[in-house]
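Please have the structure open while I talk.

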Amino acid sequence: QAHYQMLFERMIDGFALHEIICDANGNPVDYRFLGANPAFEKLTGLKAQEIVGRTMRQVLPGENSFWIETYGRVALTGEPAVFEHASPALGRHFEVSAFRPAPGQFACVFVDVTERKQAEEQLRHSEERFRTLAAASFEGVCISENGRILDANEQFAAMFGYDTAELIGREIIELISPEWRSTVLERIRTGRGESF
């Protein structure tokens, strides 16, 4: 018991224990907080003393039903779940592992992945902007890494007589005339060949 309590209090991941609440037909409609560790409080901003004994709909009335449905399956079937999902009410995105410690109950261990999800979203928007600009450009645009083509616009592909899809994955040096290859390689090696 002492070891469990020490782990509960000191673990860096959020941990919470709940019981599922079902309607007369046995369908999950809510869940009640039974316990939460300090990491849970830090990650969510919710204090254990204020939420234990209360239901999710009381604590987070604006939350979507995804959580109840997902946790309900875990509590009722005993089948664990691992997933990522956003909490609109908390304004955070979590990576969650949920399991059933006892019939009608579920426990979840989770970490806040909001910053990673925001970075992924920013990267996706950046890539979309690049594709839009590259597609609208009258000049050939190509992205390569270690000499291998990762992406190119139609204008770049047309310059060499290819479709864009045919270029992806090819070595860019293959597109250079044999008599110019050594010159281009030297310019790339010395840092003077970013554009050619």
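Before I count anything, a word on pairing: two strands are said to pair here if DSSP finds at least two bridges between them. What you are looking at is a predicted model, and every value I quote is computed from it.

With that in hand, take strand 1, residues 14-22, which runs antiparallel to strand 2 and is joined to it by seven bridges. Within that pairing, isoleucine 21 has aspartate 30 as its bridge partner in strand 2, and glutamate 19 has arginine 32. These two strands make a hairpin with five residues between them, and in its turn glycine 26 has a positive phi of about 85°.

Strand 1 also pairs with strand 5, again in the antiparallel sense, and here the number of bridges is six. Leucine 17 is partnered in strand 5 by alanine 107, while glycine 14 is partnered there by phenylalanine 110. Strand 5 in turn pairs with strand 4, antiparallel and over six bridges, with phenylalanine 94 and aspartate 112 as bridge partners. Strand 4 and strand 5 form a hairpin with five residues between the strands, where glycine 104 takes a positive phi near 80°.

How do the strands line up in the sheet as a whole? Five strands form an open sheet, and the order across it is 2-1-5-4-3, with antiparallel pairing. Strand 2 and strand 3, the latter at residues 81-87, are the edge strands, each of them pairing on one side only. From one strand to the next the twist averages 35°. Helix 5 packs on this sheet and touches strand 1, strand 2, strand 3, strand 4 and strand 5, and its direction makes about 160° with that of strand 3.

Of the 16 residues that line it, the closest to its centre are Tyr31, Phe40, Trp67, Tyr71 and Leu90. Which elements each supply at least two residues of this lining? They are strand 2 (28-36), helix 2 (38-44), helix 5 (66-77), strand 4 (92-99) and strand 5 (105-112), so helix 5, which packs on the sheet, also contributes to the lining by the DSSP runs used here.

Strand 6, residues 142-145, and strand 7, residues 148-152, run antiparallel and are joined by four bridges. Glutamate 145 stands opposite arginine 148 in strand 7, and with two residues between the strands, asparagine 146 takes a positive phi near 55°.

Let me finish with the chain as a whole. Its secondary structure comes to nine helices and seven strands. Along its principal axes the C-alpha trace spans about 75 × 40 × 25 Å. The radius of gyration of the protein chain is 27 Å, whereas a compact globule of 196 residues would have one near 16 Å.

Note on methods:
Residues are numbered from 1 along each chain as its sequence is written. This is a predicted model: local features need pLDDT of at least 70, side-chain atom pairs count only at pLDDT 80 or more; totals for chains, interfaces and linings use all residues. Side-chain values use heavy atoms; hydrogens and water are left out. On a 1 Å grid over the protein atoms alone, a cavity is a set of points where a 1.4 Å probe fits but cannot get out, and a pocket is an open set with protein on both sides within 12 Å along at least five of seven lines; lining residues have an atom within 4 Å of a point. Axes are lines fitted to C-alpha atoms, for helices over the stretch in contact, and angles run from 0 to 180 degrees between N-to-C directions. Contact means heavy atoms within 4.5 Å. The radius of gyration is taken over C-alpha atoms; the globule rule is 2.2 Å times the number of residues to the power 0.38.
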